[in-house]
Amino acid sequence: MQLSKLYCNKSNFKNITFNLNGLNVIYADVISDLKENKNSHDLGKTKLAELIDFLFLKEINKKHFLLKIKENDRSIFSEYIFYLELLLNSGKFLTIRRGVTDNTKISFAINDQRFDGYNPPHNWDHENVTLKKSKDILSDYLALDFFKNKEYSYRKSISYSLRRQGDFKDVYKLNKFSLGRDIDWKPFMFDLLGFNGDFLRLKYKNDNEIESIKTFIENLKREYSVRIEDRDEVVAEKLIVESEYIEIESQIDRFNFYNHDKELIKQGIDDIENKINVLNAQSYALNYEVDKIRTSIKNKFSFDINKVEKVFDEAQVYFPDQLKADYSDLIEFNKKLTTERNKLLKITLEKKSAELKSINTELLQINLEREKLLADLTDSDTFTRFKTCQKDLVKVEGKLLKFDEKLKTIDTIINQQQEIEHLKDQIRTTVDSIKSIYQTTDKNLKYGRIRKHFSKYYKAIINENAVLSWNINTQNNVEFIPPKVKSKFDHKKDTAKDEGNTYMKLLCVAFDLAILISYNEESYYRFVYHDDVLSQQDNGIKLRLLKLVDDTLKENNLQYILSAIKADLPVREDSSLIEFDDDDIVLRLHDKDPSGTLFGFEF
């Protein structure tokens with residue numbers, strides 16, 4: 001699989017058509033006298049690698065350059081839509097569309113041939129698919145043999161074909177793995193080198209599970225204050241408390257409250273309760289009636305004839321004397337009627353009040369009788385002893401529950417320790433398998449090819465011998481040793497060249513090329529992007545590196561992409577620059593003005 005095109009819906013973006021099966025140069029013409037004051041990465045060389053990674057469906061967050069830089073609370077790239085055309089190993093061309101605003105909605109279009117120009121496809125085989133599903137779709141399109149039946153996808157190794165500056169610090173461990181766990185990359189690297197990464201994955205998984213169980217056990221011991229060696233002692237103490245429980249329970253069973261309760265019932269507890277309920281109901285009803293009568297008595301007849309006459313005057317309506325006399329007679333009649341009614345109400349009030357007083361007196365007396373009977377019940381010796389036994393039984397039950405909890409906790413710890421031993425047995429089996437692999441590395445053909453090509457390529461660049469190797473550390477885990485550079489005068493003697501940044505970069509270059517060549521016979525990546533690979537290298541190294549790339553590309557179906565600034569180009573003996581062929585340069589950048597950047601403006 002190789003890169004075919006990268007383009008955008010915005011005219012200011014520098015669209016790229018890549019050379020298939022050949023050299024691709026991202027060339028930056030930086031003005032030499034301003035070089036120290038300018039950052040060549042601002043031109044977009046490194047951003048290009050990030051953009052390619054984005055179109056290979058990398059998940060991004062607000063720290064990614066496409067989302068980080070904002071204007072009016074929106075990303076300056078919010079309207080950008082990017083397209084990446086790939087040449088698949090099947091010979092077909094796949095276009096991936098991904099926008100910045102809806103970056104979790106991806107579209108795919110498959111075609112038999114390369115599209116002309118930078119116009120996106122009219123028809124999409126999959127449109128606006130979720131990011132998670134899109135990765136599965138892209139994985140199916142890429143059909144890389146290495147990832148078949150693996151727990152990880154094509155994205156696990158994409159950065160070995162997109163080496164940015166931060167990825168040249170270690171041959172094996174990429175920058176994206178720097179903060180992660182060994183299980184996140186070592187099993188994969190073991191697979192990549194031609195071994196069975198499942199052994200490492202199982203070893204790390206079991207190690208982690210053992211640590212989790214140990215932490216769980218320590219928490220149990222601390223929380224419940226138990227030790228497994230105390231289990232039998234806890235059982236013995238529990239037996240003593242169980243005997244105490246049985247004795248108290250027997251005492252309670254010997255108490256007979258039936259006759260005592262029967263006598264209390266005869267004394268009228270039930271009748272008293274019923275009477276109290278009836279009397280309470282009567283008292284409530286009488287209280288209500290008394291309140292209503294008192295309220296009615298307070299309400300007096302009120303009618304002012306003078307106010308009525310005033311209303312007529314204000315309305316300029318004649319108020320006849322006869323009508324006034326009729327109103328006065330009516331008022332007098334109502335006063336007499338109210339007086340007679342109130343006399344009757346007062347008689348009723350006295351009767352109801354007397355009845356209410358009698359009921360309340362009876363309630364007071366019957367409640368006193370009820371309290372006495374209840375006092376007899378609660379003060380009886382039998383009940384007192386019963387309550388004491390009940391309290392003792394509750395205490396003993398609490399002790400038994402604590403013993404049960406302790407035993408349960410101890411048994412849980414024992415079971416967990418047995419699980420640890422089971423996991424250790426699995427680890428021992430796994431370690432034996434890893435050791436067996438370690439003793440037969442010379443039999444692994446894939447590993448042999450990778451090491452052979454790696455040493456060959458490094459020697460072609462540096463004229464020194466370098467070797468790839470790994471070992472098993474004290475924790476019985478695989479340790480990938482940084483490649484050793486051997487002295488050309490004494491192969492047994494190591495040099496310190498592998499420790500320098502410039503030499504480490506070349507070791508990474510040799511490794512990446514060795515991987516691509518070793519997997520070239522199967523469906524795998526067929527391109528690699530090396531950012532600023534010529535930077536800070538000796539002139540002879542640059543010449544040999546470029547010759548190696550040229551020879552490798554002629555012999556194999558590969559695509560090599562490098563970025564470089566003009567000042568890093570190799571020179572001839574007369575100090576003149578050895579320029580790249582125009583056909584090899586797929587993107588030209590410069591720092592003369594913002595139009596020379598990848599996006600056509602500075603940010």
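The lining of the second largest cavity draws at least two residues from each of α13, α14 and β14 (559–565). Helices (H or I, at least four residues) and strands (E, at least two) are DSSP runs, numbered from the N terminus. The model is predicted: local features need pLDDT of at least 70, side-chain atom pairs count only at pLDDT 80 or more, and totals for chains, interfaces and linings use all residues. Residues are numbered from 1 along each chain as its sequence is written, and side-chain values use heavy atoms, without hydrogens and water.

A cavity is a set of points on a 1 Å grid over the protein atoms alone where a 1.4 Å probe fits but cannot get out; lining residues have an atom within 4 Å of a point. Volume is the space filled by probe spheres set on the points, which are joined across faces, edges and corners. The second largest cavity holds about 40 Å³. Helix α14 gives the most to its lining, with 3 residues. The lining includes V549, T552 and L553. By class, it has 7 nonpolar, 2 polar and no charged residues. Here Ala, Val, Leu, Ile, Met, Phe, Trp, Tyr, Cys and Pro count as nonpolar, Asp, Glu, Lys and Arg as charged, and the others, Gly among them, as polar.

The largest cavity has a volume of about 60 Å³. Helix α13 (residues 501–518) gives the most to the lining of this cavity, with 4 residues. Among the lining residues are F511, D512, I515 and L516. The lining divides into 7 nonpolar, 2 polar and 1 charged.

Strands β11 (residues 465–472) and β12 (residues 478–486) run antiparallel, joined by 7 bridges. Two strands pair if DSSP finds at least two bridges between them. N471 stands opposite E479 in β12. Strand β3 (residues 23–29) runs parallel to β15, with 5 bridges. D29 stands opposite H590 in β15.

How values were computed:
1 Å grid on protein atoms, 1.4 Å probe; cavity = no way out; pocket = protein on both sides within 12 Å on 5 of 7 lines; lining within 4 Å.
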